[in-house]
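Hi,

Here is the structure I promised to pass on.

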Amino acid sequence: MSSNTDARIIIALDFKDEASTLALVAQLKPSLCKLKVGKELFVRCGPSLVKKLIKQGFDVFLDLKFHDIPNTVAAACQAAADMGVWMVNVHASGGRKMMTYAKEAIEQCQHKPLLIGVTVLTSLSRQDISEIGLDLEPSEQVLRLAKLAYDSGLDGVVCSPQEASMLKQNIAQDFCLVTPGVRPKGADIGDQQRIMTPSQALAQGSDYLVIGRPITAHPEPIQALQAIITSLK
Ligand code: C5P
């Protein structure tokens, strides 16, 4: 699906209710940013909130990371497309058939969101993935799953900024990379571990930067957003 704007910042709306979400969104502009709705907000507020955000002109990334049998994931992706979202994602570890079904389902819709794969969750260490039967470095598994996502027709993957240049080089320059773990200079790191500044992340090959608390928890969110945009010029 084509984007409403060329904004490269996706604001993570990690709020617990509709009122606080809409209060923040009222201070933002679709020309400056896109919005990400994740599991908590979606489970609490549902499609009606997503539709309100879209109606206000925002591109919405529905970050529900679907992972199930191919038929179920394809149907869920179709439902997301019908809602009008700009981007939706699935776990690449669901396999080629699941991803192919999902892509084919979206292709039949009037609105065609970008379909993005999740490779290895950045919360998983080498030891964590060995406990689930994968005896290799997380970065090797990231590359393997990203290649599978590309071969299955997906538009891109979520990855850490540290992996972005490796993926662009090994897969394709037009494979869309969506990166969280971004912090402007001087911002609180919070629970993120391996961070990069917005301009470093773009230089590494990120296409879209997912940024939450440095904007949503800032006393002046629009100023924080504008400062980040200025730092990218
Ligand atoms: O507030 P902050 O900028 O850390 O928010 C980052 C957002 O990106 C959150 O919604 C978080 O769940 C998401 N995310 C992440 N790391 C990943 C995948 C998603 O931080 N590997």
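S206 sits in the loop between α8 (198-204) and β8 (208-211), where helices (H or I, at least four residues) and strands (E, at least two) are DSSP runs numbered from the N terminus. The side chain of S206 also makes a polar contact with the side chain of T179, at 2.9 Å. A polar contact here is a pair of N or O atoms within 3.5 Å; within protein, one must be able to donate a hydrogen and the other to accept it, and residues adjacent in sequence count only if both atoms are side-chain atoms.

Before the rest, some housekeeping. This is a predicted model, where local features need pLDDT of at least 70 and side-chain atom pairs count only at pLDDT 80 or more, while totals for chains, interfaces and linings use all residues. Residues are numbered from 1 along each chain as its sequence is written, and side-chain values use heavy atoms, with hydrogens and water left out.

Now the overall picture. The protein has ten helices and eight strands, and its C-alpha trace spans about 45 × 40 × 30 Å along the principal axes. For 233 residues a compact globule would have a radius of gyration near 17 Å, and the protein agrees with its 17 Å; that radius is taken over C-alpha atoms, and the globule rule is 2.2 Å times the number of residues to the power 0.38. Of the 233 residues, 51% count as buried.

On to the ligand. Around it are A12, D14, K36, T122, P180, R183, Q192, V210, I211, G212, R213 and P214 (a residue is near a molecule if one of its heavy atoms lies within 4 Å of it). Three of these residues put a polar atom by a ligand oxygen: a polar side-chain atom of K36 is 3.0 Å from one, a polar side-chain atom of R183 is 2.8 Å from one, and a backbone N or O atom of G212 is 2.8 Å from one. The protein covers 80% of the 470 Å² of accessible area that the ligand has on its own; areas come from the Shrake-Rupley method with a 1.4 Å probe, and for residues only the protein chains shown count as cover.

K36 turns up again among the salt bridges. There are twelve in the structure, each one a side-chain nitrogen of Lys or Arg within 4 Å of a carboxyl oxygen of Asp or Glu. K36 pairs with D63 at 2.7 Å, N to O. D63 is in strand β3 and K36 in strand β2 (residues 34-38), so the pair ties together parts that are 27 residues apart in sequence. Both D63 and K36 are buried.

A few other charged pairs:

- K103 and E107 form a salt bridge, with the closest N and O atoms 3.5 Å apart. Both lie in helix α4 (residues 96-107), four residues apart, about one turn of the helix. K103 is buried at 14% relative accessible area, whereas E107 is partly exposed at 41%.
- E137 bridges to R126, the closest N and O atoms being 3.0 Å apart. This pair links distant parts of the chain, with E137 in the loop between α5 and α6 (138-151) and R126 in helix α5, eleven residues apart. E137 is partly exposed at 38%, and R126 is partly exposed at 33%.
- K16, E40 and R44 are linked in a network of salt bridges.

Back in strand β3 (residues 60-66) there is also K65, which has a positive phi of about 45 degrees although it is not a glycine. Most residues other than glycine have a negative phi. K65 counts as partly exposed, at 23% relative accessibility.

Finally, what do L121, L124 and I132 form on the surface? They make a nonpolar patch with about 250 Å² of accessible area together. Patches are made of residues with over 30% relative accessible area and no salt bridge; like charges are joined within 9 Å, and nonpolar side chains (Val, Leu, Ile, Met, Phe, Trp, Tyr) within 5 Å. L121 is in the loop between β5 (114-118) and α5 (126-131) and counts as partly exposed at 34% relative accessibility.

Cheers

Methods: Buried means under 20% relative accessible area, exposed over 50%, partly exposed in between (1.4 Å probe, protein chains only).
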